Amino acid sequence: MRHRFRILFAVCGLFITSVAVHDANAASRKPVVGKKGMAVAVEPLATQVAADILKKGGNAVDAAVGLGLALAVTHPSAGNIGGGGFMVIRLADGTAVAIDYREKAPGKAHARMYLDEDGNRAVNPAISFTRQDGSTFHPNTNRIHHLAIGVPGTPAGFALALEKYGTMSMAAVIQPAIELAENGFILTERIARGLNGRRTIFSQIPASKKAMMRADGKDWQEGDRWIQKDLAETLKRIGQDGHDGFYKGKTAELIEKDMKAGGGMIDRTDLANYQAIIREPVRNVYRGIYETFTMPLPSSGGITMAMMLNILEGYDLGRMGHNSSSTIHVMAEAMRLAYADRARYLGDADFVEIPGHLTSKDYAAAQRSKVDPFFATPSEEVGPELTLATEPDETTHYSVVDQWGNAVSNTYTLEGGYGSHIVIAGTGMLTNNEMGDFNPDPGITRPTGQIGTPPNLIEPNKRMLSSMSPTIVTRNGELYLVVGSPGGRTIINTTMQLILNVIDHGMNMQEAVNAPRLHHQWFPDRLRIEGGVGREVLDALKAMGHDISSRGFGGGSYRQGDGHSIMVDPDTGYRLGAPDPRIEGAAFGH
Ligand code: DON
């Protein structure tokens, strides 16, 4: 059962601390107010870690790193040190950078590594599942297998962010995470249910069984204390030696040993060579006074969002109305066009030549001219040579603003929920299955959704294409929004809608987060819409030729994303935090 937590106001010295922990049945329309700083994330204990750092005078980067490390303990499905992600930082002086800590393919990886001798998708013979009819099957090796694991990037990304833009030591910001792992924390019903839901897999992997299941083999219960001693030791090594405390020494040895035992490829050379990279964010001006700073490749998020915003700039969305049939129609068409280009052109820019015109306003105008105002364009007409694969829905986004106006937007992931489900023996650490984000089968594109196009094929040391889109928006050059979301390929659309809801539809941050979302990704040619959009709007869209799927938040099962966001009020400078009611989320301000 989900608990409803009301907004609490606690007087804390001179500060007013405001808190909100949300769930889908108790969606507030008002954001949480902080006069100085704000942290918004999926899980309250980790959000509190960030709030404490901010209150003690740490900056947004200190708080964001502390938060990410704490989530590795308290939000095991996506919080991680064994995965990767992206952090967009905008400092109060206007400096903006994007930290790329995406996983990499190991040095021995190659384009056909997920195919067996007959050219079929290889499966993991060591893990089996039972179907309802009693038959068994094995997962693909790019999902649950040591081969699915990309070289983790999170410890490197956090160490780099802290070293370049933080004010505190790694030892200090990681201490709360160590304590949460070492002393344990009390499981909520959501976390217990999540862990229990994966017991079939965890129970088949000895180190995962030890780390993720109750010692007596019974289901976790709400209220149980979960202690993660091995993870605490792994975190301590990062606390002592930063980057090297993970990529060299004991942790690196344990990873290599587990890889050898499980048939994986990552070795100590891959780990020693891993570096997070500081990149230029994708910058794009929307409606003259708003500038978006978001992730460049290897995330497709920045370029794809810029392409869509540039197309949509040509419409008066505010007058057309929020989630009206005409607004949804032009949004879906912009999504269709941009996602087709995403599939056609985008991959790791360190390996692939990317056309320069994609984010230009001229290109957007040409694309806009293809949008029929009355009818949906069949996706086959927008690039018949390609289709897309599906992705699972587990990642997490958080937003932080400090008292000086430094801001961090961070999205990171294990890829699928609990990633590869493989805990490296002796580390307590779950690993990602990010290799599944590469196109698995060169040249093979199937109508069921698999793509085999060249830009995102596996190459040694290449980063797999992502959709994660942590974004910061300024208004007249001043910090305005910190937004982002999980959700696989829906991420880019969710993040864009958070922005449009505020800028074009005049919503406050919480309303913008709560509002029903939509998603089109070109293929499959289907428009997904969360519940809460009127029947007459859906009927009008169907009449235009859209294949509609609407089940959702407030009525059915389709939920899109988890967009924990912050707006800085232009008049007062207050930080307005908006946790997403689609999941337990928390906003703590001071
Ligand atoms: O990098 C990506 O785009 C995906 N691996 C993210 C997966 C994801 O968001 C699943 N989430 N809910």
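Mentor: Buried means under 20% relative accessible area, exposed over 50% and partly exposed in between, with a 1.4 Å probe and protein chains only. Strands here are DSSP runs of E with at least two residues, and helices are runs of H or I with at least four, numbered from the N terminus. This is a predicted model: local features need pLDDT of at least 70, side-chain atom pairs count only at pLDDT 80 or more, and totals for chains, interfaces and linings use all residues. Residues are numbered from 1 along each chain as its sequence is written, and side-chain values use heavy atoms, with hydrogens and water left out.

Take strand β5, residues 84-90. It is mostly covered, with seven of its seven residues buried. In a regular strand the side chains alternate between the two faces of the sheet. In β5, G84, F86, V88 and R90 point one way. G85, M87 and I89 point the other way. All of these are buried, R90 included.

Now the partners. Two strands pair if DSSP finds at least two bridges between them. β5 pairs with strand β15, residues 407-413, in the antiparallel sense over seven bridges. Within that pairing, M87 stands opposite N410 of β15. β5 also runs antiparallel to strand β6, residues 96-101, and six bridges join them. Here V88 stands opposite A98 of β6.

Last, the turn. β5 and β6 form a hairpin with five residues between them. G94 lies in that turn and has a positive phi of about 95°.
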